[in-house]
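My entries follow the order in which I looked.

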Amino acid sequence: MKMIRWFKWSRLALALTLVAGFATAGFAEEKKAAVKPYPLDTCIVSDEKLGADPAMKTFVFTHEGQEIKLCCKSCQKNFLKAPAKYLKKLETANKPDKK
Ligand SMILES: [Zn+2]
């Protein structure tokens, strides 16, 4: 009787471990695929060319699944004040008919 119970519980524990493992792996993969690459080579806030000034370190972060690159970290404050305004720039950059 005791043996059967132990067997049941160990099976349950194994099943839970597998489910948790799959869920974590699936979630991580989904999150990685959902991030859209940043299409510009300029800072979305200041329009400065990224990496043009060696004294400025390009600041990269992800905003709602969109990768954002800024010429410096202080530009993030401006971006977060009005993200929609700056994200509009990416929309126009992504349009293929822009020549
Ligand atoms: Zn900046």
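The entries below go from the whole chain to single residues.

**Ground rules.** I keep in mind that this is a predicted model, in which local features need pLDDT of at least 70 and side-chain atom pairs count only at pLDDT 80 or more, while totals for chains, interfaces and linings use all residues. Residues are numbered from 1 along each chain as its sequence is written.

**Confidence.** I looked up pLDDT (the predictor's confidence in each residue, from 0 to 100), and found that the protein averages 83, with 83% of the residues scoring at least 70. Helix 1 has the lowest confidence, with a mean of 71, whereas helix 2, residues 75–81, has the highest, at 97.

**Fold.** I took helices (H or I, at least four residues) and strands (E, at least two) as DSSP runs, numbered from the N terminus. On that basis I found three helices and two strands, which follow the pattern α-β-β-α-α along the sequence.

**Strand pairing.** I counted two strands as paired if DSSP finds at least two bridges between them; strand 1 and strand 2 (residues 66–70) run antiparallel and are joined by five bridges. Within this pair I found Val60 opposite Lys69 of strand 2, and His63 opposite Gln66 of strand 2. The hairpin leaves two residues between the strands, and there Glu64 takes a positive phi near 45 degrees.

I called a residue buried if 20 or more other C-beta atoms lie within 10 Å of its own, exposed if 12 or fewer, and partly exposed in between, with C-beta atoms placed from the backbone. How many of the 99 residues count as buried? The share that I read is 7%. I then searched for nonpolar cores, each a set of buried Ala, Val, Leu, Ile, Met, Phe, Trp, Tyr and Cys residues joined through C-beta atoms within 7 Å. The largest has seven residues, namely Cys43, Ile44, Val45, Ile68, Leu70, Cys71 and Cys75.

**Contacts.** For contacts I required C-beta atoms, placed from the backbone, to lie within 7 Å. Leaving out residues up to four places away in sequence, Cys43 touches Glu48, Leu50, Leu70, Cys71 and Cys75. Among the protein's contacts between residues at least 6 apart in sequence, I found that 50% join residues at least 24 apart.

**The loop between helix 1 and strand 1.** I placed Lys36 in this loop, between helix 1 (2–34) and strand 1 (59–63). Lys36 counts as partly exposed because it has 14 C-beta neighbours inside 10 Å. When neighbours within four places in sequence are set aside, Lys36 is in contact with Gly65, Gln66 and Glu67; the C-alpha atoms of Lys36 and Gly65 are 6.2 Å apart, although 29 residues separate the two in sequence.

Gly51 also lies in the loop between helix 1 and strand 1, and I recorded Gly51 as exposed because 12 other C-beta atoms lie within 10 Å. From Gly51 to Cys72, 21 residues apart along the chain, the C-alpha separation is 9.7 Å.

**Positive phi.** Asp47, which is not a glycine, has a positive phi of about 65 degrees and sits in the loop between helix 1 and strand 1. With 10 other C-beta atoms within 10 Å, Asp47 is exposed. Glu64 is found in the loop between strand 1 and strand 2, and Glu64 is likewise exposed, with 10 other C-beta atoms within 10 Å.

**Helix 3.** For its twelve residues helix 3 should span 16 Å, and the end C-alpha atoms are 17 Å apart, which agrees. Is helix 3 largely in the open or buried? The number of its twelve residues that are buried is zero, so helix 3 lies largely in the open. Lys88 lies in helix 3 and is exposed, with 12 other C-beta atoms within 10 Å.

Conventions
Contact = placed C-beta atoms within 7 Å. Expected span 1.5 Å × (residues − 1).
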